[in-house]
Amino acid sequence: MAFTTIPVPFADVGKSANDLLGKDFPVGTTKLELKTVAPNGVTFNVLGNQDNKSGAINGELKTKYVDYKNGLTVTEAWTTGNLLTTQIELENKVAKGLKLDITGGFLPSEGKKNAKVGVQYKKLGFNTRAYLDLFKGPTFTGDVVVGRDGFIVGGDLAYDVGGSYITRFAAAAGYTAPEYSVAVHAQNSFKVFSASYYHRINADLEVGGKGVWDSKVAHSTEKGAKAPVALEVGAKFYLDRDAFVKAKVNNAGVLGLGYTQALRKGVKVSVGGLFDTTKLNQAAHKVGVSFVFEA
């Protein structure tokens, strides 16, 4: 047995199953995303999103500059809500495997501001991150993941420095192989437990599933409360190299369908919908579409 890989960050434990069940279903919105790269290497990303029910439109303009030689990345964003954010990252410059991160935000209309400093260190078999939110608490958050031969285990903690108390904690464990992965989580201070799996059966077919048990829902005495266990399974099938379909269904009878097609190089469109199979004769369904242009 040996340390052969760098484990994923804590937030990415079980990511394959989460992506399979969560991505490529543009439900209830119309999205437009434009990505371009300037000759000097600066990346521009424009994202627009319209809610199909309310008609509200939100947008974001993001620029990203990367200096690979010096390990420097600068990202700036400006939203239609007039929120300004800047992130500066310095990786592998101070020490190999070490990344320093400073993020700041400002909302002029309300005079709100935030600032967060962070550090990440990773090497074979080990990945840890720590952040300090200077204006919220201040609050310290940190996580660590260790792994060996495909097995990983990790924990996450948030601590209010000003109030001197733990605001949340979580733990996770999993196993990853070339064709499949499994993961279990204990989240929300060990009040929500989940298990997920992902399996790439062949080059064209992927399947996965997830189960979540919420102790708060399980002990609820309210009439008509949700089932304490939420189950969801899904699949992704490649029609050809330019198109794929996705489907998922949960134990509440909600069916999700998605179709993604690359129309040409740099142009991709996705359509999706959520359909309540217990109320097919009612207008309780949601559909959406997403367009992505890259140049």
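## Salt bridges in a predicted model

A salt bridge is a side-chain nitrogen of Lys or Arg within 4 Å of a carboxyl oxygen of Asp or Glu. In this structure, which is a predicted model, Glu 33 and Lys 35 form such a pair, with 3.8 Å between their closest N and O atoms. The relative accessible area of Lys 35 is 28%, and this residue is therefore partly exposed, since that class lies between the limits of 20% for buried and 50% for exposed residues.

## Overall form

The protein is built with two helices and 19 strands. Its radius of gyration is 21 Å, which is close to the 19 Å that the globule rule gives for 295 residues, so the protein is as compact as a globular protein of that length. Taken along the principal axes, the box filled by the C-alpha atoms is roughly 60 × 45 × 45 Å.

Of the contacts between residues at least 6 apart in sequence, 29% join residues that are at least 24 apart.

## Surface and charge

Buried residues account for 29% of the 295 residues in the protein.

Arg 129 and Asp 143 are both buried.

## A pair between strands S10 and S11

A further salt bridge joins Arg 168 to Asp 156, and here the closest N and O atoms are 3.1 Å apart. Arg 168 is found in strand S11 (residues 165–176), while Asp 156 is found in strand S10 (residues 151–160), so the pair ties together parts that are twelve residues apart in sequence.

The two partners of this bridge can also be described by their accessibility. Arg 168, at 39% relative accessibility, counts as partly exposed, whereas Asp 156, at 12% relative accessibility, counts as buried.

Methods:
Residues numbered from 1 in each chain as written. Predicted model: local features only at pLDDT ≥ 70, side-chain atom pairs only at ≥ 80, totals over all residues. Heavy atoms only, no water. Helix = DSSP H or I, 4+ residues; strand = E, 2+ residues; numbered from the N terminus. Rg over C-alpha atoms; globule rule 2.2 N^0.38 Å. Buried < 20%, exposed > 50% of the residue type's maximum accessible area, 1.4 Å probe, protein only. Contact = heavy atoms within 4.5 Å.
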